Amino acid sequence: MKMKAAVVRQATDPYKFEEIELAEPKNDEVLVRITASGLCHTDEFGRTLGMSPIVLGHEGAGIIEKLGENVKDFEVGDHVAFSYAFCGHCKSCVQGRPQYCEKFNDINFGGVGADGESKLSQNGQPVAMFFGQSSFAQYATISEESIVKIDEDVDLAMIAPFGCGVQTGAGAVLDTLRPHVDETLAVFGCGAVGFSAIMAAKVAGCHQIIAVGGNENSLALAKELGATDVVNRKQLPADQTMAQAVQAISKGGVNYAIDTSGNGNMIQNAIQSTCLNGKIVLLAPSGEVENFDFGKDVLMAYRTVIGCCEGDSNPKIFIPRLVQLYKEGRFPIDKIITKYPFEQLEQAREDSNAGKVIKAVVTME
């Protein structure tokens, strides 16, 4: 079928709306009319992969319009949110940990679906997919394994970002760290992922939640979302580091630290902000720490530095959990989302990259 999609041909090009072809769903796939899609820095990374042309977008949501013959758990008209793609057959997938699928990178960043083919084409030539969905388009043909049914009384524009960025931040707390109510946590970086971690930490009942950032408005919002304390890295005394500020607030260091920035200096401070046997989770896909000095207070304190993919979360289980928290008013994702019409996708991208909005979501209706 023909549809309109936002196509990128060069890494620096703006999104350009073009008509492309979308393949019909196979036996285990569904055709979804996309109603909303979140923007994420991973979409910017997708531009650098060298695949041209490509349709990006990986936080989609919409309404099912057609089912493959073997699809049993969904019906036409169901509201669904999308998440990452996975093969479903490797050891990790069979064990219920699809976020660590052996083919995760090939499927999500390789321009094709789990079957090794792209669902998109133009003038008979393939167009690269992204995360098995390419949600910057009017429709998507997607595996039923990568969608989650959503209650119809929930605004899909609020739920679309759950599929990646929100799931990553919230899952790092609720599925990876699983803190106790008397424990403390610091979040380095106040963007959508960091705010999701803060909201999740409040749900978990953390005794102290410290937000570290460089924007007063963002730090004020962090407190509204659940942070008990904030550190403005741009307003620290010359002789105090971010880590020392966190240690002072927490009286000796936090149990857990999460870095969402990928910045080497932030990562080093996150590590040094923790107490004895502290755990640090790195969520950004990059970040080089040069000349790292553990120091006498860290070297023998046995910190643990770990990473996690998609918040260690299984979307089929975790996204409905987040949706319920949102409906209960305990996960106020609406406070960080700014909506744009689909036609203003490039403006949404510019505003996001400039830090003018926390989480942009384009809507198709």
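The buried residues of helix 6 pack against helix 5 (165-177), strand 11 (184-188), strand 12 (208-213), helix 7 (216-225), strand 14 (254-259) and strand 18 (359-363). Here, buried means under 20% relative accessible area with a 1.4 Å probe, protein chains only, and contact means heavy atoms within 4.5 Å. This is a predicted model, where local features need pLDDT of at least 70, side-chain atom pairs count only at pLDDT 80 or more, and totals for chains, interfaces and linings use all residues. Residues are numbered from 1 along each chain as its sequence is written, and side-chain values use heavy atoms, leaving out hydrogens and water.

- Helix 6 is mostly covered, with 10 of its 13 residues buried; among them are Phe 195, Ile 198 and Met 199.
- Just past helix 6, Gly 205 takes a positive phi of about 80°.

**The whole chain**
- The chain has 12 helices and 18 strands, counted as DSSP runs: H or I of at least four residues for helices, E of at least two for strands, numbered from the N terminus.
- Of the 365 residues of the chain, 56% are buried.
- As for contacts with a separation of 6 or more, 68% come from residues 24 or more positions apart.
- Along the principal axes, the C-alpha atoms fill a box of roughly 60 × 40 × 35 Å.

Key. Buried means under 20% relative accessible area, exposed over 50%, partly exposed in between (1.4 Å probe, protein chains only).
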